[in-house]
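Welcome! Let us read a protein model together, one question at a time.

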Amino acid sequence: MHDFMSVNNERHLVMGGCDMAQVAQKYGTPLYVMDENVIRANCRVYKNAIDTCYSGNGLILYASKALCNLETVRIVASEGLGIDVVSGGELYTALRAGMDVSKICMHGNNKTRAELEMAISSGVGRIVVDNLFELDQIDAIAAEHGVRQKVLFRIKPGIDAHTHNFVMTGQIDSRFGFALETGEARAAILRAFKCNSICVAGVHCHIGSQIFEADPFEEAARVLMRFIAEIRDESGVELTELNLGGGFGVVYTPEDDPIEFGDYIEAVSRIVKTAAVEHSLKMPFIMMEPGRSIVAEAGITLYTVGAIKDIPEVRRYVTVDGGIGDNPRYILYGSKYAALIANKADAEVTQSVTIAGKCCESGDLIGENMPLADVSIGDILALLTTGAYNYSMSSNYNRNLRPAMVMVKDGRDRLVMKRETYEDIIRNDV
């Protein structure tokens, strides 16, 4: 249980001042629940850290792929953050939510022409270039619109982020960006300098996700600052922006032990400042892209327990009314979670269970060998740290409905995303 959660006199889990058993009864399950104050507090930690460490010469971009809906974007925008988007849908959401367009950074490894048209015509502040085909498209579209589009180049710095292979993105064998080792990154930037409708502002990297140490981020900063100096020495052009991505770890289970979010930024700032002096560079404008670490711990998912099946000397299955449709991370990554029973939240852990979903799929599991208190049919199970990449990766597998989402704050709950209906399921059928 996170420190912003508590247990009331009825033994119910409380988050955002709201009784989660009552919230489940009011809105039904499965149900995503987000604590607004936790989201805002995390935004402020990052913003205060980058403002302090870089004397206001920086910007936190919320990586919206973690959780993208109108209300979440409104919250991060009101806290002074920008946003990183990776699709036309995320860009459209950011625009509709009123995000300052100059603070939007358009990302993605295979942006369509339509998405690039939308980004450039909307006037997004930056586009991160992933490949040469994309560079040529941006140059052509920007020319058609009579603008010079500011871009960053995504660089693979060759950093081992000590994380799951599926979420390591900074090493050379990655489909994202340009490699340093092969000279690919250098050649791409020198080519971009010759484009009439491209303004090369800087470089970007993202070395992975769920990283618990500052060392990989420090090394990435060191490598990219050296690269900026090499480009200046060869071309005479000094790049002015450095985006160091995200990937800061969060607590999913008691074994997870990340450092404080602000400490990542402080540690990296020391490297950037030292490298600037060492290479006689001006301090670049610094950007970072936390997503998971802003919303993950702020969210839980509530389920109603259905069938419980005991296989003697094998395992106990506890089945819930959700599953891979609202949380595919276990089957994709083997991601571990902590769970408790929301209507008896202080109950002692007595068993190890496998939590299974309702889909007709053998892999529909939320977790195996999970510690849990004595559980009964009808109990409300709370899965913790589900604010990131649960709704974002949700689906209608078996034509199940995506859950509603509720925001809680100071004892009040409010609906921010409606539960789908069966009419929604067939809406696009012809």
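The model is predicted, so local features need pLDDT of at least 70 and side-chain atom pairs pLDDT 80 or more, while totals for chains, interfaces and linings use all residues. Residues are numbered from 1 along each chain as its sequence is written, and side-chain values use heavy atoms, without hydrogens and water.

Reader: Are α2 and α9 roughly parallel or roughly antiparallel?

Author: Good place to start! Helix α2 (residues 36-53) and helix α9 (residues 261-278) pack with their axes 9 Å apart, at an angle of about 20 degrees. Angles under 35 degrees count as roughly parallel, over 145 as roughly antiparallel, 65 to 115 as roughly perpendicular and the rest as oblique. Therefore α2 and α9 are roughly parallel.

Reader: How is the pair of Tyr32 and Tyr391 classed?

Author: Rings of Phe, Tyr and Trp (its six-membered ring) pair if their centres lie within 6.5 Å; planes under 30 degrees apart count as stacked, over 60 as edge-to-face and the rest as tilted. For Tyr32 and Tyr391 the values are 6.3 Å centre to centre and 80 degrees between the planes. This aromatic pair is edge-to-face.

Reader: How far apart in sequence are the parts that Tyr32 and Tyr391 tie together?

Author: Tyr32 sits in strand β4 (residues 31-35), and Tyr391 in the loop between β19 (380-384) and β20 (404-409). The pair therefore ties together parts whose separation in sequence is 359 residues.

Reader: Is Tyr32 buried or exposed?

Author: Buried means under 20% relative accessible area, exposed over 50%, and partly exposed in between (1.4 Å probe, protein chains only). Tyr391, at 23%, is partly exposed. With 2% relative accessibility, Tyr32 counts as buried.

Key:
Axes are lines fitted to C-alpha atoms, for helices over the stretch in contact, and angles run from 0 to 180 degrees between N-to-C directions. Helices (H or I, at least four residues) and strands (E, at least two) are DSSP runs, numbered from the N terminus.
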